[in-house]
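Okay, thanks for making time, everyone. Let me put the sequence and the model up, and then I'll talk you through them.

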Amino acid sequence: MILGVDVGGTNIDVVAFDGDFEHIATYPTKSYVTKLNDILNKLTERYKAKAVGIGFAGWMRGREIVKAPNVKIEHLEIHLKVPYTLENDANCFSLFASKRFGFKDVLGVTVGTGIGSGIVIDGKIYRGSGLAGEIGHWFVGGDAVCSCGGKGHLECYFGGWSLMRNGLDPKEIVENGKIYELRGFEMFCISIANAITLIDPEAVVIGGRIGGNLNENILKMRIYSHLMPEFRPIVKTLRDPLAVAKGACLMMEV
């Protein structure tokens, strides 16, 4: 039995994996992130887990948190009696997407509280010096202030916190289709197109509580409109809010 944990900007989701995945708990991040170590020790004992994978919504170098603008915490005290790993959440998502669809080279993009991305090359996570894939903090222009303290980042115009800052309900505008009319959505598609020309992946998989519910055909059409015709990766959505936690489980198997 392996436990997989997704520490997101809004929720902490926990799954158990023993051949199949089982959702076992969800906690609000703001109230429970400082209690995570105690929670995981109790769950590890209860489920007799042999390992724990933790996907964290932050910039990671090894197990060190460099910055976590959407979780508002600089350090996680994790002391478990079993092996564990602490990994960027979008990397966990991308690994799960790679396994789920059978793609060897994947650009995975999550849109939830913020925007994250992970890169899988030949079935393995590419980290660079640790921070590879922070597409949400690409400079796209303007003076809007980002949650990380920078200005003009993609997250300033698209993603959960920025949409709500502008008085928009993410769930509502996804359901009524108005999200596709936003300048931020166009910036999002341009950013993905630019990333595609940089790494030329086999596929792009988009997920997260917002991203996973976007229209796959509209995404493909709008991303392709910013690409030369020689670049035509498969574009898919992954409608699984537990994908990060599941990918965190798989991190303990690779």
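Housekeeping before that. This is a predicted model, with local features needing pLDDT of at least 70 and side-chain atom pairs counting only at pLDDT 80 or more, while totals for chains, interfaces and linings use all residues. Residues are numbered from 1 along each chain as its sequence is written, and side-chain values use heavy atoms, with hydrogens and water left out.

Two strands pair if DSSP finds at least two bridges between them.

Strand 1, residues 2-7, runs antiparallel to strand 2, and the two share 6 bridges. A hairpin of 3 residues connects them, and Val 7 sits opposite Ile 12 of strand 2. On to strand 3, residues 21-28: that one is also antiparallel to strand 2, over 7 bridges. The hairpin between strand 2 and strand 3 again has 3 residues in it, and Gly 19 in that turn has a positive phi of about 95°.

How enclosed is strand 2 by the rest of the structure? Largely, because 6 of its 7 residues are buried. Buried here is under 20% relative accessible area, exposed is over 50%, and partly exposed is in between, with a 1.4 Å probe and protein chains only.

Arg 209, for its part, is partly exposed at 43%.

How many salt bridges are there in total? The count is 5, taking a salt bridge as a side-chain nitrogen of Lys or Arg within 4 Å of a carboxyl oxygen of Asp or Glu. Another one is Arg 127 with Glu 87, at 2.6 Å from N to O. Here too, distant parts of the chain are linked: Arg 127 is in the loop between strand 10 and helix 4, and Glu 87 is in strand 7, 40 residues apart. Arg 127 is partly exposed at 34%, whereas Glu 87 is buried at 7%. Then there's Lys 246 with Asp 240, with 2.7 Å between the closest N and O atoms. In that pair, Lys 246 is buried at 15%, and Asp 240 is buried at 16%.

Lys 246 takes us to helix 9. Of its 9 residues, 9 are buried, and among them are Ala 243, Lys 246, Cys 249 and Met 251.

Now the cysteines, for anyone thinking about disulfides. The count is 0, where a disulfide is a pair of cysteine sulfur atoms within 2.5 Å. For Cys 148, the nearest cysteine sulfur belongs to Cys 146 and is 3.7 Å away. Cys 148 itself is buried at 15%. For Cys 189, the nearest one is that of Cys 156, 17 Å away, and Cys 189 is buried at 0%.

Last stop, the largest pocket, with a volume of about 610 Å³. Its lining has 38 residues, and the closest to the centre are Gly 9, Asp 89, Gly 112, Thr 113 and Gly 114. Among the elements that give two or more residues to the lining are helix 3, strand 8, strand 9, helix 7 and helix 9.

Grid points are joined across faces, edges and corners, and the volume is the space filled by probe spheres set on the points.

What is the lining made of: how many nonpolar, polar and charged residues? There are 13 nonpolar, 17 polar and 8 charged. Nonpolar covers Ala, Val, Leu, Ile, Met, Phe, Trp, Tyr, Cys and Pro, charged covers Asp, Glu, Lys and Arg, and the others, Gly among them, are polar.

Terms used
On a 1 Å grid over the protein atoms alone, a cavity is a set of points where a 1.4 Å probe fits but cannot get out, and a pocket is an open set with protein on both sides within 12 Å along at least five of seven lines; lining residues have an atom within 4 Å of a point. Helices (H or I, at least four residues) and strands (E, at least two) are DSSP runs, numbered from the N terminus.
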